[in-house]
Amino acid sequence: MMPFSPQDLQAVALSMKVATCATLLSVPPGFAMAYALVHARVPGKSLIEGVINLPLVLPPVVVGYLLLLLLGRSGPLGPLFDRLGIRVVFSLSGAVIASAVVGFPLLVRSLKLGMEAIDPHYIRAARTLGAGWWDCLFTVTLPLSGRALMAGMTLMFARSLGEFGATIILAGNIPGVTQTIPLAIYEYTGVPGGDTMALALCLVSIGLSFVVLLISESMARTMKRGSRP
């Protein structure tokens with residue numbers, strides 16, 4: 001089998017970095033959004049949920065182009081990022097943002113389903129015993145949503161690992177900077193004789209995704225055993 005080049009190894013490392021950063025950065029707002037959708041009485045909740053889930057049904061290229069219009073230097077948020085010293089377009093930050101936006105709905109949907117499955121009597125009992133809002137959140141809601149959080153993070157990580165359309169529009173395909181595994185595979189498909197390396201990177205992507213799923217299942221089983229009396 002043809003050995004991987006330094007550029008290929010960089011693509012693998014960048015994919016892991018982008019997926020990890022996008023997932024971890026999305027957890028706090030994802031949890032807050034899911035909690036608001038389940039427990040808060042907000043007008044237009046269905047509309048809000050529809051906007052959150054929009055990246056699931058839109059072509060990733062459309063999502064990337066909209067992000068480019070929004071976050072580009074001439075876009076509404078472009079000057080803000082410039083003042084903060086954050087370069088979004090054609091940068092690693094852009095790749096993370098693109099992956100986060102595309103994978104965010106999967107995280108929120110998993111958390112929402114997990115929170116909806118929590119028996120309301122548990123929260124009422126905690127309130128009756130004198131627990132405040134924060135106590136209920138950290139001692140009841142968060143622990144009982146643990147498996148849903150793990151599932152959502154796994155789905156988002158896997159989705160970010162394979163993100164292509166939005167990333168290539170917003171961050172470009174720059175080797176060593178924004179080129180992730182899917183972008184490297186795309187580049188190899190346009191090179192004569194690149195099929196072998198494209199297939200090799202496909203196998204790497206499959207292997208990484210499979211390992212992530214195994215780790216997630218193992219942690220979910222551990223959490224399930226720990227929750228038993």
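Buried, in this talk, is under 20% relative accessible area, exposed is over 50%, and partly exposed sits in between, with a 1.4 Å probe and protein chains only. Hi everyone, keep that in mind for what follows.

What you see is a predicted model, where local features need pLDDT of at least 70, side-chain atom pairs count only at pLDDT 80 or more, and totals for chains, interfaces and linings use all residues. Residues are numbered from 1 along each chain as its sequence is written, and side-chain values use heavy atoms, leaving out hydrogens and water.

Let's begin with the salt bridges. By that I mean a side-chain nitrogen of Lys or Arg within 4 Å of a carboxyl oxygen of Asp or Glu. How many salt bridges does the structure hold? There are three.

Take glutamate 163, whose side chain pairs with that of arginine 159 at 3.1 Å, N to O. Glutamate 163 counts as buried, because its relative accessibility is 1%. Arginine 159, at 26%, is partly exposed.

Now to lysine 112, which is buried at 14% relative accessibility. Its side chain forms a salt bridge with glutamate 116 at 2.7 Å, N to O. Helices here are DSSP runs of H or I, at least four residues long, while strands are runs of E, at least two, and numbering starts from the N terminus. Glutamate 116 has a relative accessible area of 43%, which makes it partly exposed.

Lysine 112 also meets glutamate 49, at 3.5 Å, N to O. That pair links distant parts of the chain: glutamate 49 belongs to helix α2 (residues 45–57), lysine 112 to helix α5, and they are 63 residues apart. Glutamate 49 is partly exposed at 24%. Put together, Glu49, Lys112 and Glu116 are linked in a network of salt bridges.

On to the nonpolar cores. A core is a set of buried Ala, Val, Leu, Ile, Met, Phe, Trp, Tyr and Cys residues joined through side-chain atoms within 4.5 Å. The largest has 20 residues, and Val108 and Leu111 have the most contacts inside it. Which elements give two or more residues to this core? They are α1 (6–39), α5 (92–116) and α8 (146–161). Helix α5 provides the largest share, eight residues.

Valine 108 touches Gly30, Met33, Ala34, Leu37 and Ile52, leaving aside residues up to four places away in sequence; contact means heavy atoms within 4.5 Å. Apart from this core lies another, of ten residues, including Val63, Leu67, Leu71 and Val88.
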